[in-house]
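User: Could you walk me through a helix and some salt bridges here?

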Amino acid sequence: MPETHDKRSAKPAPGRLGPAVLLDRGSLDTGDLDDSALAAACGPWRFHAATAAADTAGRIAEASVVVSNKVVIEAAQMDAAPALRLVCIAATGTNNVDLDAARARGIAVTNVTGYATPAVVQHVFALLLDWAVGLRARLAAVRAGAWSASPHFCLLPDTAAGETPIRELAGLRLGIVGHGELGRAVAQTAAAFGMRVLVAQRPGTEQDPPPRGRLPLPRLLPQVDVLSLHCPLAENTRNLIGTPELAAMRPGALLINTARGGLVDEAALAAALRSGRLGAAALDTLSREPPPPDHPLLAPDIPNLAITPHVAWASAAARQRLIDEVAANIRAFAAGEHRNRVD
């Protein structure tokens with residue numbers, strides 16, 4: 001049975017919303033953004049650089065609007081905030097808010113989509129091009145003096161000695177898992193590079209035969225040179241790429257994950273890279289963030305692994321769009337509009 005206690009009206013009271021709290025401003029803004037749209041949407045505001053779990057209830061106790069990027073808000077925190085009417089997730093993913101609890105209490109929940117598409121696409125291709133041209137290896141060779149010592153005008157990679165080769169993206173097959181806005185944008189850019197794009201059937205919705213233009217993941221994996229993940233993390237996608245899937249990929253293939261760390265079985269990935277069964281992996285997200293120092297993918301002996309600190313989305317332009325979209329969600333709620341609601 002769904003919860004029914006503490007049911008609140010999802011319609012805001014007339015007038016200006018407030019007070020409002022942003023729980024983890026430091027994850028969005030390093031002082032380089034304009035937050036005037038937030039100030040105009042509601043207030044007064046309290047901004048916290050970060051919020052520990054033990055402090056969440058106290059910080060939102062008097063708020064009618066709460067903004068959170070990754071701070072978890074569950075039923076207990078909602079119960080501690082009797083005036084709470086709106087939770088704005090400053091992200092696309094919604095797993096940090098208990099949506100069932102919010103629905104039972106009449107608390108509206110919104111998110112933001114599409115704000116970081118250009119940033120994520122360019123990050124995917126930064127990782128992809130680094131792998132294709134061996135950029136870091138080329139830079140390191142110059143710094144080490146190898147070019148200066150070359151008998152030729154150029155310094156070709158000695159692949160026989162295990163040096164990173166230079167590849168062309170044109171003609172390579174890119175597999176995409178998750179063909180929403182981000183997946184489609186990556187596919188469009190890949191086509192501009194002359195790559196052949198294959199799209200996986202949506203995980204958990206397998207059909208026989210699959211929809212036109214889609215391949216079941218087991219059929220797609222052996223065909224692609226690069227696999228890029230763009231699907232949300234859910235129970236049916238957790239550890240989507242594990243030992244069997246990694247074994248099914250082509251030897252030498254590249255795995256890119258700019259979506260959610262839990263999509264990949266990290267122990268299996270480490271084993272596949274150590275054994276050389278998988279060519280390389282480039283990740284912008286891990287299952288625990290920030291990762292502990294002993295995280296299995298931070299081990300120094302894992303070859304051909306590039307990890308960036310969950311910044312594919314984080315261009316200044318994307319973060320400004322995010323802040324402005326959160327403000328627009330607040331204004332819409334105050335006006336009785338149903339904008340970007342996920343509850």
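Here are some questions and answers on this structure.

Analyst: First, the ground rules: this is a predicted model, where local features need pLDDT of at least 70, side-chain atom pairs count only at pLDDT 80 or more, and totals for chains, interfaces and linings use all residues. Residues are numbered from 1 along each chain as its sequence is written, and side-chain values use heavy atoms, with hydrogens and water left out.

User: Which elements do the buried residues of α7 pack against?

Analyst: Helices (H or I, at least four residues) and strands (E, at least two) are DSSP runs, numbered from the N terminus. Buried means under 20% relative accessible area, exposed over 50%, partly exposed in between (1.4 Å probe, protein chains only). In α7 the buried residues are Gly183, Ala185, Val186, Ala187 and Ala190. Their packing partners, with contact meaning heavy atoms within 4.5 Å, are α5 (117-133), β6 and β7.

User: How many residues apart are the salt-bridge partners Asp32 and Arg319?

Analyst: A salt bridge is a side-chain nitrogen of Lys or Arg within 4 Å of a carboxyl oxygen of Asp or Glu, and Asp32 and Arg319 meet at 2.6 Å, N to O. Asp32 sits in the loop between β1 (20-22) and α1 (36-41), while Arg319 is in helix α11 (residues 316-334), so the pair links distant parts of the chain, 287 residues apart.
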